[in-house]
Amino acid sequence: MSQLLHHAFTVLADDPGVVPNYKPEVPGTLQTPTGKILGWTAGIGLALAVLGGLAGWACVAIGHNSERAGLAARGKQAILWSLVSGMGIGVTSGLVLAFYNMTQGK
């Protein structure tokens with residue numbers, strides 16, 4: 001649990017009527033499908049980011065060898081954006097896992 005939430009519960013725990021004794025969690029029937037959906041989404045997104053990076057490298061190689069500066073520049077942008085999207089997927093997966101662990105009380 002984050003330090004801010006822990007502090008809030010510690011301060012408000014002196015008055016038992018203020019903070020209800022409730023632990024939010026995903027119902028058991030939804031935990032497995034939710035995990036599968038998140039796993040497939042992250043896997044497909046990362047695969048597309050890798051394919052985008054490979055296509056970007058191909059554009060850079062073709063652009064430089066055929067003296068097409070525009071194609072090489074677009075390839076460099078594709079490489080950059082595939083890296084950004086891969087990091088975004090990783091950060092989002094981490095945030096989802098962190099929020100899920102907070103609700104589980106871990």
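Let's start with contacts. Take pairs of residues at least 6 apart in sequence that touch in this protein: 51% of those contacts join residues at least 24 apart. Keep in mind that this is a predicted model.

Now the overall layout. The protein has three helices and zero strands. Along the sequence, the pattern reads α-α-α. The chain holds 106 residues, and buried ones make up 10% of them. The accessible surface comes to about 8200 Å². Carbon and sulfur atoms account for 70% of that surface.

Next, a piece of that surface. Which residues make the nonpolar patch? They are Trp 40, Ile 44, Leu 48, Val 50, Leu 51 and Leu 54. Together they give a nonpolar surface patch of about 680 Å². Pick out Leu 51. This residue sits in helix H2, which covers residues 28–65. Is Leu 51 buried or exposed? Leu 51 counts as exposed, because its relative accessible area is 51% and the cut-off for exposed is over 50%.

Glu 67 lies in the loop between H2 and helix H3, and H3 runs over 69–104. Look at the backbone here. Phi of Glu 67 is near 60°, a positive value in a residue other than glycine. Most residues other than glycine have a negative phi. The relative accessibility of Glu 67 is 73%, so this residue counts as exposed.

What does Leu 71 touch, leaving out residues up to four places away in sequence? The answer is Cys 59, Ile 62 and Gly 63. There is also a distance to Gly 56. Leu 71 and Gly 56 are 15 residues apart along the chain. Their C-alpha atoms are separated by 9.3 Å.

The other residue is Ser 82, also found in helix H3. Why does Ser 82 count as buried? Because its relative accessible area is 10%, and buried means under 20%. And what does Ser 82 touch, again not counting residues up to four places away? Ser 82 touches Ala 49, Gly 52 and Gly 53.

Leu 51 in H2 is exposed. Glu 67 in the loop is exposed. Ser 82 in H3 is buried.

Key:
Residues numbered from 1 in each chain as written. Predicted model: local features only at pLDDT ≥ 70, side-chain atom pairs only at ≥ 80, totals over all residues. Heavy atoms only, no water. Patch = residues over 30% accessible without salt bridge, like charges linked within 9 Å, V, L, I, M, F, W, Y side chains within 5 Å. Areas by Shrake-Rupley, 256 points an atom, 1.4 Å probe, with all protein chains shown as cover. Salt bridge = Lys/Arg side-chain N within 4 Å of Asp/Glu carboxyl O. Helix = DSSP H or I, 4+ residues; strand = E, 2+ residues; numbered from the N terminus. Buried < 20%, exposed > 50% of the residue type's maximum accessible area, 1.4 Å probe, protein only. Contact = heavy atoms within 4.5 Å.
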